Amino acid sequence: MTPPDASHNRWSDLDRPPLNATALRRGLLRPDTLWASLEVVESTGSTNTDLAERARAGEAAEGTVLVAEEQTAGRGRLERSWTAPPRSGLFFSVYLEPGDIPVERWGWVPLLAGVAAATGLAKSAGVDMSLKWPNDLLVTVEGEERKTGGILGEFAGDGIVVGLGINVSLRADELPSPTAGSLALAGAVSTDRETLLRAVLRSMEHWYGAWRAADGDAAASGLQAAYAAGCATLDRTVRAELPGGASLVGEAVAIDGNGRLIVSTKDGLQQPVSAGDIVHLRGAAGGLT
């Protein structure tokens, strides 16, 4: 008799217990909250892909949350892959419909998710968190800045799907790259994924509500200031690798009202960067605690 595949056995790694969907729904789904439904699946290619398909088919209400214990084809920015062992992290997507907000302000939603994740994790895991523009979550492991999470937003249906992938309990030999980290390796006081997920979603509800109440104005809602305060990219020399192959080197000096990174070049020009890959070259880092 062939034994079951241990990678899909919910009791194969007792240090990584499965999520309790019933308990999560009980704690998060209430009539007066943003979150309308929450589903936990054992494995899927990408929660963003799945939820975006539902949204395009009109089958997702605002506040839908889709969580996977494992993603086999998770996607990051610039079509990078995102993989991790089953139940080693938080892999989830949410669907939001900020329909009454001017669409040019929707670009703040993934940045909002970054602030929410960083503040929620800092409180629940007890780890200093910072943000690398536009949407990487950073921790410090053995004195080095490491990426422990990423955020990806995409338009779908009448709204936007925002996906988050967060390394929670990954061990050193499981990291996908030398620049990756996890909450556990950063000294988290808790790696209970239900606690962490509830904290992130409640923080996201808070920031999304404030942003909507301010008609999507990032400055008036406090979102712009919060992002800048926790952004490790600011006040550093960076290289912006831009779409099309061009690059720009300078000091990251601000996040503007549209969520763009302002880079001051050596010739004194201040260039807004709306898309691209940022490399930190030197300088001090900020943090959210």
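Tutor: Start with Arg87, which counts as buried at 3% relative accessibility. Buried means under 20% relative accessible area, exposed means over 50%, and partly exposed lies in between, with a 1.4 Å probe and protein chains only. Arg87 sits in the loop between β4 (81-82) and β5 (89-96). Helices (H or I, at least four residues) and strands (E, at least two) are DSSP runs, numbered from the N terminus. The phi of Arg87 is near 65 degrees, a positive value in a residue other than glycine. Most residues other than glycine have a negative phi, and most peptide bonds are trans.

A word on the basis. This is a predicted model, in which local features need pLDDT of at least 70 and side-chain atom pairs count only at pLDDT 80 or more, while totals for chains, interfaces and linings use all residues. Residues are numbered from 1 along each chain as its sequence is written, and side-chain values use heavy atoms, with hydrogens and water left out.

The place of Asp215 is the loop between α4 and α5 (218-221). At 38% relative accessibility, Asp215 counts as partly exposed. The other spot is a cis peptide bond between Trp133 and Pro134, with omega about 0 degrees. Pro134 lies in the loop between β6 (130-132) and β7 (136-141).

Now the whole chain. The protein chain has six helices and 14 strands. Of its 289 residues, 51% count as buried. Take the contacts (heavy atoms within 4.5 Å) with a separation of 6 or more: residues 24 or more positions apart account for 67% of them.

Next, the core. A nonpolar core is a set of buried Ala, Val, Leu, Ile, Met, Phe, Trp, Tyr and Cys residues joined through side-chain atoms within 4.5 Å. The largest one has 64 residues, and Phe92 and Leu183 have the most contacts inside it. Helix α3 (residues 108-125) supplies the largest share of this core, 12 residues. Leave aside neighbours within four places in sequence, and Phe92 still touches Thr47, Val65, Leu66, Val67, Val162, Gly163, Leu164, Ile166, Leu197, Val200 and Leu201. There is also a second, separate core of seven residues, including Leu51, Ala52, Tyr95 and Ala156.

Helix α3 packs on α4 at an angle of about 135 degrees, and the axes are 8 Å apart. Axes are lines fitted to C-alpha atoms, for helices over the stretch in contact, and angles run from 0 to 180 degrees between N-to-C directions. The two helices are therefore oblique to each other. Angles under 35 degrees count as roughly parallel, over 145 as roughly antiparallel, 65 to 115 as roughly perpendicular, and the rest as oblique. The crossing of α3 and α4 is right-handed. A crossing is right-handed if the near helix is turned clockwise from the far one by less than a right angle, and left-handed if anticlockwise. From α3, the contact includes Trp108, Leu112, Val115, Ala116 and Leu121. From α4, it includes Leu196, Ala199, Val200, Met204 and Trp207. By class, the residues of this contact are 16 nonpolar, five polar and no charged. Ala, Val, Leu, Ile, Met, Phe, Trp, Tyr, Cys and Pro count as nonpolar, Asp, Glu, Lys and Arg as charged, and the others, Gly among them, as polar.

Ala125 belongs to helix α3. At 0% relative accessibility, Ala125 counts as buried. Ala125 and Ala188 are 63 residues apart along the chain, yet their C-alpha atoms are separated by 5.0 Å. Beyond its neighbours within four places in sequence, Ala125 contacts Leu183, Ala188, Val189, Ser190 and Leu196.

Ala226 and Val115 are 111 residues apart in sequence but 7.0 Å apart in space, C-alpha to C-alpha. Ala226 is part of helix α6 (residues 223-229). Ala226 is buried, at a relative accessible area of 14%.

Finally, α1 against α4. The axes of helix α1 (residues 21-28) and helix α4 (residues 193-213) come within 11 Å and cross at roughly 30 degrees. That makes α1 roughly parallel to α4. This crossing is right-handed. Ala23, Leu24, Gly27 and Leu28 of α1 meet Glu194, Leu197, Arg198, Leu201 and Arg202 of α4. This contact has five nonpolar, one polar and three charged residues.
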